[in-house]
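Thanks for coming, everyone. Have a look at the model on the screen, and I'll walk you through a few parts of it.

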Amino acid sequence: MNVLTVDHLRLGTEHGVPVKDVSFSVGEGECVGIVGESGSGKSLTLRAIAGVLPVGVRVVSGEHDVNGRSAMVFQEPMTTLNPTMRVGEFIAEGPRARGVSKADSVRRAVELLTEVGVPDPATRARAWPHQLSGGLRQRVMIAAALAVEPAILLCDEPTTALDTTVQAQLLALVDRLRVERGMSVVFVSHNLAVVSRVAQRVIVMYAGRIVEAGPTSEILHHPAHPYTQALIAAIPTENERAGDLTTIAGAPPDASALIEGCSFAARCPLAQETCRTVLPPTVEVGRGHAAACHLVTPADREVLV
Ligand code: SF4
């Protein structure tokens, strides 16, 4: 059963179309990662699902359907936490909104802080947001999200501002909660290595479109789209120094740019004349694995991988 279905979603602004035609689904208890550079439309897609689109962005067409409640965790908890509220009160707002008594809501907040691994939760519930570390604040945000008993947790770069050790702990927490609660997760990040640690399936977005989607191991080991291949090449290895890092030359097109063909053509080393004029179709390249590139067909997939 799908907990989330997104069907031909198109988002527009006064200046352009940052999300052009996005369709995907998320099953019960499944984590789907959405990866892409800034401007790919990944966060706007998530915000459209959560119903919290920024001012000036609207749904032009398409729809989404969530089977149950959703809750969202943002990149920077300090912009969401209320600085004038103790974190326990903040978390208790969820149960309170559902008619739970004040005393029971506060008890529930402490239980949730325990569930997300906050040490000494009864004391921490009385702390102000600024008294907690970045990692603890993000755990508080996750606890607040869980307080509405969501069927699906929408995570928008929740670990990006954290150091690698705390990041790894947060990823392990999201994965544990998914398994223990049978909860679905959509995890958005610009970092494919991060996404691959929590997601069973990965969606790669570029310039407002899905360019590749498939099981995480397929995406990592048999990427079919040149952009995904470039993203993988850009993942730093342990021995790589900052100056040695591989990058993708150029920048994604602006959302207002009118591009007839493949949006990646200006940066793609394999681009051909057709790429600049004809939108590539999405082609199945394996079980549950598809890519949108003129050079990818089921028969000659080996050419690119
Ligand atoms: Fe590159 Fe052409 Fe494929 Fe686009 S369609 S990714 S430009 S080869």
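Let's begin at Glu212, whose bridge partner in E11 is Ala291. This is a predicted model, so a word on ground rules: local features need pLDDT of at least 70, side-chain atom pairs count only at pLDDT 80 or more, and totals for chains, interfaces and linings use all residues. Residues are numbered from 1 along each chain as its sequence is written, and side-chain values use heavy atoms, with hydrogens and water left out.

When I say helix or strand, I mean DSSP runs numbered from the N terminus, with at least four residues of H or I for a helix and at least two of E for a strand. Two strands pair if DSSP finds at least two bridges between them. Strand E9, residues 209-215, pairs with E11 in the antiparallel sense over 2 bridges. On to E10: 4 bridges join E10 to E11, and these two run antiparallel. Gly286 has His289 as its bridge partner in E11. The hairpin of E10 and E11 has 2 residues between the strands, and Gly288 there takes a positive phi near 65 degrees.

Which way do the side chains of E11, residues 289-292, point? His289 and Ala291 go one way, Ala290 and Ala292 the other, and all are buried. Buried here is under 20% relative accessible area, exposed is over 50%, and partly exposed is in between, with a 1.4 Å probe and protein chains only.

Now zoom out to the sheet. It is an open sheet of 8 strands, in the order E5-E6-E7-E3-E8-E9-E11-E10, with mixed pairing. The edge strands are E5 (70-73) and E10 (282-286), each pairing on one side only. From one strand to the next, the twist averages 20 degrees. Within this sheet, E3 and E7 pair in the parallel sense over 5 bridges, and Val35 stands opposite Ser189 in E7.

H1 packs on this sheet too, touching E3, E5, E6 (152-156), E7 and E8 (201-206), and its direction makes about 145 degrees with that of E6. Contact means heavy atoms within 4.5 Å. As for angles, axes are lines fitted to C-alpha atoms, for helices over the stretch in contact, and angles run from 0 to 180 degrees between N-to-C directions.

H1, residues 42-50, also lies across E1, E2 and E4, at about 115 degrees to E1. Those 3 strands form an open sheet in the order E2-E1-E4, with antiparallel pairing. E2 (19-27) and E4 (58-66) stand at the edges with a single partner strand each, so one side of each has no neighbour in the sheet. E1, residues 2-12, pairs with E4 in the antiparallel sense over 7 bridges, and Arg10 stands opposite Ser61 in E4.

Last stop, H6, residues 164-181. Its buried residues are Val166, Gln167, Leu170, Leu171, Leu173, Val174, Leu177 and Arg178. Why are they on the same side of H6? Because they cover an arc of only 155 degrees around the axis, the arc being that of the directions from the helix axis to the C-beta atoms. What covers them includes E3 (31-35), H3 (102-115), H5 (134-146), E7 (184-189) and H7 (192-198). The face turned away from that buried side carries the exposed residues Thr164, Thr165, Val179 and Glu180. And just after H6, Gly182 takes a positive phi of about 65 degrees.
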